[in-house]
Amino acid sequence: MIAEPIDCEQIIYDLSFATVREWKEHHPGEKAIAYFPVYAPVELIHACGMLPVGLNGAGDRLDIQHADAKFGSFICSIVKTTLEMGLTGHLSPFDGLLFSSICDSARNLCFVMKRNFPDLYLDFLHLPHNPSSAASTDFLVTEYRRLQKNLEQLQGMRMNDDALSQSLKLYNENRCLTRRLYSERSQSPHLIRTSELYPLLRAGNFLPVEEHNVLLGRTLKELPLRTGKQRDSVRIVIEGSFCEQPPIDLIRILEEAGCYVVDDDFVLGPRWFLEDVPLNGDPLRALADSYSNRAVYSSVRHDFRKPRHKALIDKVRSRRADAVLLLIAKFCEPAYFDYVLFKRELEKEGIPHLLMEFEEKMFTFDRLRTEIETFVESLLFD
Ligand code: SF4
């Protein structure tokens, strides 16, 4: 059970991965597997008795001294800081790394890592590119079986369906608590601010799910007891930060400038499913089928049944947002490809929007502060 109080910001910015080391001390012989964003089947890792950990880059806490030489210049920061963490020994608490087919940069990172760490277990998960195809779930079941076999070999055990069902239950609870917190924030953004919710969610990348569930549940329970003054703010939806994560100081600046963030795509992997993964039937198939049929829209998941630009407009309407902030990591190709579609649709619908580019390693925000203040003023006083 977690100690109180817990400092989520400290957890997410701790490059020594103290929470992971501590878990391994309490679970001798058990393994920790880190996964690169956006999505990974954490339930499968958990059911194999391992700790799944979501990597989120290194922010501004690591100088890039080695990784630059292994990649071209026009690559997002998270790819470079993740490699730098590997090359400087920061990833030593992990027994394996998992990547998936989200973009060319992530794919290349996996194979650069493989070349540099030949003795480390590294896996690349092929997620289906066309979840609307009837073959998508079967394909993913086969891919998950392959991953399961590799994890079992690494851990020296056999996973059974009961363990996987139990893991599905725990992660369903985690997603349900998160959905409730998002709903509360949208209704009462003055009671739970994004500068609080964001580190709380990101901490879940590092903590065992059982502990994170307690933390989320406790926050939900506290909310009705809070008092807070409503401000004259604009309600915004943030889109585009699904992989590399913006610095928390940038979120604070948005709030200081007069924004209530009422929805976002931060830390999207752990929130990947819109509904519970069904607990009846074959749990592995249920997990794969959820990827095909119950997943969020995202620039790294292409589902022709639910166009992403329409999903964004639905989100704006359902959250009663005044505007959209397209907050995109520098050199993030999937986000920039979608920006063109989003912009066209937002303009068609008459929804104000602003494009802002960030890097996880930014530490001065003067230009962005001016941009967002001007945007907010134009909305408030129009
Ligand atoms: S930030 Fe964008 S480009 Fe970089 S790894 Fe993530 S999805 Fe790929």
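This is a predicted model: local features need pLDDT of at least 70, side-chain atom pairs count only at pLDDT 80 or more; totals for chains, interfaces and linings use all residues.

Trainee: Let's start with the backbone. Which two residues does a cis peptide bond join?

Mentor: For that you look at omega. Here the cis bond joins Pro37 and Val38, with omega at about 20 degrees. As for where that is, Val38 sits in the loop between β1 (32-35) and α3 (42-47).

Trainee: Next, phi. What is the phi of Phe17?

Mentor: Phe17 is not a glycine, yet its phi is positive, about 50 degrees. You'll find Phe17 in the loop between α1 (8-12) and α2 (18-26). Arg320 isn't a glycine either, and its phi is also positive, near 50 degrees. Arg320 belongs to the loop between α12 (308-318) and β7 (323-329).

Trainee: Is Phe17 buried or exposed? And what about Arg320, buried or exposed?

Mentor: Burial goes by relative accessibility: under 20% is buried, over 50% is exposed. Phe17 has 4%, so it counts as buried. Arg320 has 52%, so it counts as exposed.

Trainee: Now a helix residue. Which residues is Pro283 in contact with, beyond its sequence neighbours?

Mentor: Skip the neighbours within four places in sequence, then see what is left. For Pro283, that gives Asp161, Leu164, Ser165 and Leu168. Pro283 itself is in helix α11 (residues 283-293), and it counts as buried because its relative accessibility is 4%.

Trainee: How many residues apart in sequence are Pro283 and Arg367?

Mentor: They are 84 residues apart in sequence, and in space their C-alpha atoms are 49 Å apart.

Technical notes:
Residues are numbered from 1 along each chain as its sequence is written. Side-chain values use heavy atoms; hydrogens and water are left out. Helices (H or I, at least four residues) and strands (E, at least two) are DSSP runs, numbered from the N terminus. Buried means under 20% relative accessible area, exposed over 50%, partly exposed in between (1.4 Å probe, protein chains only). Contact means heavy atoms within 4.5 Å.
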